[in-house]
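Visitor: I'd like to learn how to read a structure like this one, feature by feature. Where do we begin?

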Amino acid sequence: MITLKNVNKSFASLKVLNDISVNFEAGKTNLIIGQSGSGKTVLLKSIIGLHEIDSGKIFYSDRDFTAMNLKSRKNIRQEMGMVFQGGALFDSMSVEENVLFPLDMFSKMSDTEKMDRVNFCLNRVNIKNSNHLYPTEISGGMQKRVAIARAIALNPKYLFCDEPNSGLDPVTAIVIDNLIQEITKEFNMTTIINTHDMNSVMEIGEKILFISKGFKAWEGTKEEIFDTDNQALNDFVFASDLYQKIKKVNR
Amino acid sequence: MGLFEHVGKFSKFLVLVVSKPEKGKTFFSHIIKEIHKLGINSIGIVVIISLFMGAVIALQTAYNMQNPLLPDYLVGYTTRESMLLEFSSTIVGLILAGKVGSNIASEIGSMRVTEQIDALEIMGVNSANFLVLPKIIAAVFINPFLYILSVFVGILGGLFAGYLTGTVAVSDFIYGVQFGFIPYYISYSLIKTCVFAFIITAIPSYYGYFVKGGALEVGKASTKAVVNSSILILLSNLILTQILLK
């Protein structure tokens, strides 16, 4: 579980996060949603420590991340996996080397065990016969799946995904969403996904945090989203005709 | 950003760079890759530049010293001294600042804008140390060899130019190359080469590492890296020459 208590973050005079408090639960896909510029990427990057917060607390299973020194943070980071928006695969490494990299750096496995783990992770995300291809030689969907394989290589407790299905076609996007949800259940991870894709929200939104103008505007599940009176959330989620019709049907 | 801010930020960056590597085996294999990328892949350009520089120095010396009081072997002597003291270290350093420097700045800058550096940080890897230290060590190790190669090729270029144009006899040129040799000059130039190798790798790494934005900013960072590395090479050349040759 990851807990945020009164998190605030500013850049110069611009306050981006205002007093955010929330629990992200283990074994669930927790979604952070909001419009572009609402602060959701800053929130995600603050949770993982890429941005230092101004005030507040962030707990990883009761461990105070904000009070940790660099060494402790480094240790806890080995319990994290992250899937970046663009995949962030290392260009100079093949698919296999990308997944092998965290194992090479941080595990004490033998070479055979490492390769077994690499093949397990690649199989788990349905990547076959592409071990020696480079990131530029595979499709966007495959890059995302390799990024997921790399993120789970060290068997992390916490998985973070920044808009994992951006730039993907709807079918591949659903495949990626379902894959993340399956992996979350399978390994009982605390998964936080940053998205503004409404298909993802309806597909895998077991817990949803809605951020609006840097404030926590709403918190609930994908089922509860249909009954909310929160105007900002309604404007965001049911912006299209299609979703308005879906809302009417659900009500 | 002002000069002092850059100096402060660069100093903090160097503290991150010069820390204990995560894994010795991985670190060593990175150094070998960088030696290949920064050093071995630069042999071609170093040979071409040195060959022509040596040839031109020999011809210019020969044509400007057509005086019966000046012996012919001075052509060989001047070619050796020019290559040894200045051209093979400073000029090759400036050329490599362009070739290697722009390569490093754009490589690290691209990694920054595509979030690959963030990915390293999330894994708990000291990205500055992981990406930059192998480049610095590789360049400081391999550039002295490039310097020695450059001196030899430059002298050979001078020899061939003198022989092919008939401006100086081979025996006179070889005598000149051996005349009045001061071994300390090699130490002096090797020290300069190592300092330049550090500048050529550390400055572009700094500009690439802190790039913000997209492809346009990576290009700008690359240009800044080459310009500032070149200026620093010239400045340090002046300082080192004053310190080491006074």
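Guide: Let's start with burial. A residue counts as buried if 20 or more other C-beta atoms lie within 10 Å of its own, and as exposed if 12 or fewer do. Bear in mind that this is a predicted model.

Visitor: Now chain A. What does the record say about it?

Guide: UniProt, in an unreviewed entry, lists residues 2-238 of chain A as "domain: ABC transporter". That stretch is 37% helix and 26% strand, with its end C-alpha atoms 29 Å apart.

Visitor: Can we try a strand residue there, say I20(A)? Where is I20(A) found?

Guide: I20(A) sits in strand β2 of chain A, residues 14-24. With 24 other C-beta atoms within 10 Å, I20(A) is buried. Beyond its neighbours within four places in sequence, I20(A) is in contact with L4(A), V7(A), L43(A) and K216(A). K5(A) is 15 residues from I20(A) in sequence, and the two are 6.5 Å apart in space, C-alpha to C-alpha.

Visitor: How should I read the faces of a helix?

Guide: Start with the general idea. An α-helix has 3.6 residues a turn, so residues three or four places apart point the same way. Now take α4(A), residues 111-124: its 14 residues reach 20 Å from the first C-alpha to the last, close to the 20 Å expected at 1.5 Å a residue.

Visitor: Which residues are buried in α4(A)?

Guide: R117(A), V118(A), C121(A) and L122(A) are. Seen down the axis, the buried residues of α4(A) fall within an arc of 130 degrees, so they line one face of the helix. Among the elements covering them are α3 (95-106) and α5 (140-152) of chain A. The face turned away from the buried side carries T112(A), E113(A), D116(A) and N123(A), which are exposed. After α4(A) comes N126(A), with a positive phi near 60 degrees.

Visitor: Last one: how do I read the place where the chains touch?

Guide: Begin by counting partners, then ask which elements supply them. Here 15 residues of chain A are in contact with 13 residues of chain B. On the chain A side, α2 (70-77), β6 (80-83) and α3 each supply at least two residues, and α3(A) gives the most, with four. By type, that side of chain A divides into 10 nonpolar, two polar and three charged residues.

Technical notes:
Residues numbered from 1 in each chain as written. Chains lettered and ligands numbered in written order. Predicted model: local features only at pLDDT ≥ 70, side-chain atom pairs only at ≥ 80, totals over all residues. UniProt positions renumbered as here; feature names shortened; annotations may be inferred. Expected span 1.5 Å × (residues − 1). Arc of directions from axis to C-beta. Contact = placed C-beta atoms within 7 Å. Nonpolar A, V, L, I, M, F, W, Y, C, P; charged D, E, K, R; others polar.
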